[in-house]
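Colleague: I'm new to reading models like this one. Could you walk me through a few features?

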Amino acid sequence: MTAASEPQRARLAIVTAVAAFAVVNVAFYFLSGSYFDGQHQIIAATSVQTYSAEQVTHTRVVFAVVSGVLAAVGFLAALQRRLVGHALAAVLGIGNLVGGVAAFTHHLPGVLTVTQLVAGTAMLVLAHFSYHRRSRPAWSFLVAICGVLAVVDFFGAPKIRHALDVSLWTTMIIPGLYAIATVTLMQLREDYSDGEPVAA
(Lines give C-alpha, C1' and ligand atoms only; values in the text may rest on other atoms or scores of the structure.)
Protein backbone atom coordinates (compact mmCIF):
# COMPACT_ATOMS: atom_id res chain seq x y z
CA MET A 1 0.00 0.00 0.00
CA THR A 2 1.64 3.23 -1.15
CA ALA A 3 1.52 6.46 0.85
CA ALA A 4 -0.46 8.18 -1.89
CA SER A 5 -3.26 5.62 -1.61
CA GLU A 6 -3.62 5.85 2.18
CA PRO A 7 -5.99 8.88 2.11
CA GLN A 8 -8.11 7.14 -0.50
CA ARG A 9 -8.22 4.00 1.63
CA ALA A 10 -9.27 6.05 4.68
CA ARG A 11 -12.03 7.83 2.74
CA LEU A 12 -13.33 4.54 1.39
CA ALA A 13 -13.38 3.06 4.90
CA ILE A 14 -15.28 6.06 6.28
CA VAL A 15 -17.86 6.04 3.48
CA THR A 16 -18.36 2.28 3.80
CA ALA A 17 -18.76 2.38 7.59
CA VAL A 18 -21.19 5.33 7.54
CA ALA A 19 -23.22 3.88 4.66
CA ALA A 20 -23.47 0.48 6.33
CA PHE A 21 -24.53 2.06 9.62
CA ALA A 22 -27.17 4.24 7.95
CA VAL A 23 -28.65 1.52 5.73
CA VAL A 24 -28.82 -1.06 8.51
CA ASN A 25 -30.44 1.33 10.98
CA VAL A 26 -32.99 2.70 8.51
CA ALA A 27 -33.94 -0.86 7.56
CA PHE A 28 -34.17 -1.89 11.23
CA TYR A 29 -36.33 1.16 12.04
CA PHE A 30 -38.98 0.25 9.49
CA LEU A 31 -38.82 -3.51 9.97
CA SER A 32 -38.99 -3.23 13.76
CA GLY A 33 -41.91 -0.81 13.41
CA SER A 34 -43.78 -3.36 11.33
CA TYR A 35 -43.03 -6.07 13.89
CA PHE A 36 -43.96 -4.05 16.96
CA ASP A 37 -47.19 -2.76 15.38
CA GLY A 38 -48.29 -6.34 14.78
CA GLN A 39 -47.80 -7.43 18.39
CA HIS A 40 -50.95 -7.19 20.53
CA GLN A 41 -52.30 -8.78 23.68
CA ILE A 42 -55.77 -8.92 25.19
CA ILE A 43 -56.16 -7.16 28.55
CA ALA A 44 -59.63 -6.77 30.06
CA ALA A 45 -61.23 -7.68 26.72
CA THR A 46 -59.25 -4.92 25.02
CA SER A 47 -56.49 -5.35 22.47
CA VAL A 48 -53.41 -3.35 23.45
CA GLN A 49 -49.87 -3.11 22.13
CA THR A 50 -47.55 -5.72 23.61
CA TYR A 51 -44.58 -3.34 23.57
CA SER A 52 -44.69 0.17 24.97
CA ALA A 53 -43.25 3.16 23.14
CA GLU A 54 -40.38 3.20 25.65
CA GLN A 55 -39.52 -0.44 24.92
CA VAL A 56 -39.57 0.19 21.18
CA THR A 57 -37.30 3.22 21.56
CA HIS A 58 -34.95 1.30 23.85
CA THR A 59 -34.63 -1.55 21.34
CA ARG A 60 -33.86 0.85 18.51
CA VAL A 61 -31.29 2.76 20.57
CA VAL A 62 -29.52 -0.45 21.64
CA PHE A 63 -29.45 -1.63 18.03
CA ALA A 64 -28.01 1.71 16.93
CA VAL A 65 -25.29 1.54 19.59
CA VAL A 66 -24.35 -2.05 18.71
CA SER A 67 -24.31 -1.38 14.96
CA GLY A 68 -22.33 1.80 15.61
CA VAL A 69 -19.69 -0.09 17.57
CA LEU A 70 -19.42 -2.74 14.85
CA ALA A 71 -19.20 -0.08 12.15
CA ALA A 72 -16.44 1.72 14.08
CA VAL A 73 -14.44 -1.48 14.58
CA GLY A 74 -14.94 -2.35 10.92
CA PHE A 75 -13.66 1.11 9.98
CA LEU A 76 -10.51 0.66 12.07
CA ALA A 77 -10.00 -2.82 10.64
CA ALA A 78 -10.16 -1.42 7.12
CA LEU A 79 -7.36 1.02 7.95
CA GLN A 80 -5.05 -1.33 9.87
CA ARG A 81 -6.03 -4.88 9.02
CA ARG A 82 -3.07 -6.65 10.54
CA LEU A 83 -2.98 -4.76 13.83
CA VAL A 84 -6.73 -4.54 14.40
CA GLY A 85 -7.41 -8.12 13.29
CA HIS A 86 -4.93 -9.60 15.74
CA ALA A 87 -5.76 -7.15 18.53
CA LEU A 88 -9.46 -7.93 18.19
CA ALA A 89 -8.78 -11.67 18.29
CA ALA A 90 -6.65 -11.18 21.41
CA VAL A 91 -9.33 -9.09 23.13
CA LEU A 92 -11.96 -11.71 22.31
CA GLY A 93 -9.60 -14.35 23.68
CA ILE A 94 -9.33 -12.43 26.95
CA GLY A 95 -13.12 -12.21 26.97
CA ASN A 96 -13.29 -15.99 26.70
CA LEU A 97 -10.90 -16.38 29.63
CA VAL A 98 -12.99 -14.01 31.74
CA GLY A 99 -16.14 -15.86 30.70
CA GLY A 100 -14.55 -19.19 31.58
CA VAL A 101 -13.60 -17.99 35.06
CA ALA A 102 -17.09 -16.54 35.55
CA ALA A 103 -18.66 -19.82 34.40
CA PHE A 104 -16.53 -21.74 36.89
CA THR A 105 -17.29 -19.44 39.83
CA HIS A 106 -21.04 -19.51 39.05
CA HIS A 107 -21.09 -23.33 38.81
CA LEU A 108 -22.16 -23.39 35.17
CA PRO A 109 -21.65 -26.57 33.09
CA GLY A 110 -18.04 -27.75 33.07
CA VAL A 111 -18.02 -28.06 29.28
CA LEU A 112 -18.71 -24.33 28.96
CA THR A 113 -15.94 -23.48 31.42
CA VAL A 114 -13.33 -25.67 29.73
CA THR A 115 -14.34 -24.56 26.21
CA GLN A 116 -14.00 -20.88 27.05
CA LEU A 117 -10.72 -21.30 28.91
CA VAL A 118 -9.18 -23.41 26.14
CA ALA A 119 -10.49 -21.16 23.36
CA GLY A 120 -9.32 -18.01 25.15
CA THR A 121 -5.84 -19.37 25.79
CA ALA A 122 -5.52 -20.69 22.24
CA MET A 123 -6.61 -17.38 20.72
CA LEU A 124 -4.04 -15.42 22.71
CA VAL A 125 -1.22 -17.83 21.81
CA LEU A 126 -2.22 -18.03 18.15
CA ALA A 127 -2.58 -14.25 17.86
CA HIS A 128 0.94 -13.85 19.26
CA PHE A 129 2.54 -16.32 16.86
CA SER A 130 0.54 -15.09 13.89
CA TYR A 131 1.29 -11.40 14.48
CA HIS A 132 4.89 -11.49 15.71
CA ARG A 133 6.23 -14.54 13.88
CA ARG A 134 3.91 -14.57 10.86
CA SER A 135 3.20 -18.24 11.46
CA ARG A 136 0.84 -19.53 8.77
CA PRO A 137 -0.49 -22.45 10.89
CA ALA A 138 -1.19 -20.07 13.78
CA TRP A 139 -2.96 -17.63 11.45
CA SER A 140 -5.10 -20.33 9.84
CA PHE A 141 -6.16 -21.81 13.19
CA LEU A 142 -6.95 -18.34 14.51
CA VAL A 143 -9.16 -17.61 11.50
CA ALA A 144 -10.92 -20.96 11.96
CA ILE A 145 -11.55 -20.40 15.68
CA CYS A 146 -12.92 -16.90 15.15
CA GLY A 147 -15.16 -18.11 12.34
CA VAL A 148 -16.55 -21.00 14.35
CA LEU A 149 -17.18 -18.85 17.42
CA ALA A 150 -18.91 -16.22 15.26
CA VAL A 151 -21.44 -18.84 14.15
CA VAL A 152 -21.77 -20.47 17.58
CA ASP A 153 -22.29 -17.17 19.40
CA PHE A 154 -24.75 -15.97 16.75
CA PHE A 155 -27.05 -18.93 17.32
CA GLY A 156 -26.30 -18.95 21.04
CA ALA A 157 -27.16 -15.24 21.49
CA PRO A 158 -30.62 -15.95 22.98
CA LYS A 159 -29.09 -18.13 25.71
CA ILE A 160 -26.38 -15.55 26.39
CA ARG A 161 -29.09 -12.89 26.61
CA HIS A 162 -30.99 -14.97 29.17
CA ALA A 163 -27.86 -15.66 31.21
CA LEU A 164 -26.75 -12.01 31.29
CA ASP A 165 -30.29 -10.56 31.42
CA VAL A 166 -29.58 -7.99 28.70
CA SER A 167 -31.09 -7.08 25.35
CA LEU A 168 -30.72 -9.61 22.54
CA TRP A 169 -29.12 -6.94 20.39
CA THR A 170 -26.51 -6.31 23.08
CA THR A 171 -25.39 -9.93 22.90
CA MET A 172 -25.21 -9.74 19.10
CA ILE A 173 -22.14 -7.55 19.40
CA ILE A 174 -20.09 -10.63 20.31
CA PRO A 175 -20.67 -12.64 17.11
CA GLY A 176 -20.40 -9.37 15.20
CA LEU A 177 -16.89 -8.78 16.53
CA TYR A 178 -15.93 -12.39 15.79
CA ALA A 179 -17.18 -11.95 12.23
CA ILE A 180 -15.12 -8.77 11.78
CA ALA A 181 -12.03 -10.49 13.21
CA THR A 182 -12.55 -13.46 10.87
CA VAL A 183 -12.95 -11.37 7.72
CA THR A 184 -10.09 -9.03 8.66
CA LEU A 185 -7.69 -11.89 9.34
CA MET A 186 -8.71 -13.67 6.14
CA GLN A 187 -7.72 -10.57 4.19
CA LEU A 188 -4.15 -11.04 5.44
CA ARG A 189 -3.66 -14.30 3.52
CA GLU A 190 -0.99 -12.72 1.29
CA ASP A 191 1.12 -12.07 4.40
CA TYR A 192 1.35 -15.82 4.86
CA SER A 193 2.09 -16.81 1.29
CA ASP A 194 5.40 -18.34 0.27
CA GLY A 195 6.58 -15.02 -1.12
CA GLU A 196 7.61 -11.83 0.62
CA PRO A 197 5.05 -10.68 3.23
CA VAL A 198 2.78 -7.88 2.06
CA ALA A 199 2.09 -5.00 4.47
CA ALA A 200 -1.60 -4.59 5.32
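Modeller: Helices here are DSSP runs of H or I with at least four residues, strands are E runs of at least two, and both are numbered from the N terminus. This is a predicted model, where local features need pLDDT of at least 70 and side-chain atom pairs count only at pLDDT 80 or more, while totals for chains, interfaces and linings use all residues. Residues are numbered from 1 along each chain as its sequence is written, and side-chain values use heavy atoms, leaving out hydrogens and water.

Colleague: Is Arg 82 buried or exposed?

Modeller: Buried means under 20% relative accessible area, exposed over 50%, and partly exposed in between (1.4 Å probe, protein chains only). Arg 82 has 10%, so Arg 82 is buried.

Colleague: What does the side chain of Arg 82 reach at 3.0 Å?

Modeller: That's the backbone oxygen of Ser 130. The Arg 82 side chain also makes a polar contact, at 3.1 Å, with the side chain of Tyr 192. A polar contact is a pair of N or O atoms within 3.5 Å; within protein, one must be able to donate a hydrogen and the other to accept it, and residues adjacent in sequence count only if both atoms are side-chain atoms.

Colleague: How confident is the prediction?

Modeller: Look at pLDDT, the predictor's confidence in each residue, from 0 to 100. The protein chain has a mean of 87, with 93% of its residues at 70 or more. Confidence is lowest in strand β2 (residues 46-49), with a mean of 73, and highest in helix α7 (residues 173-186), at 96.
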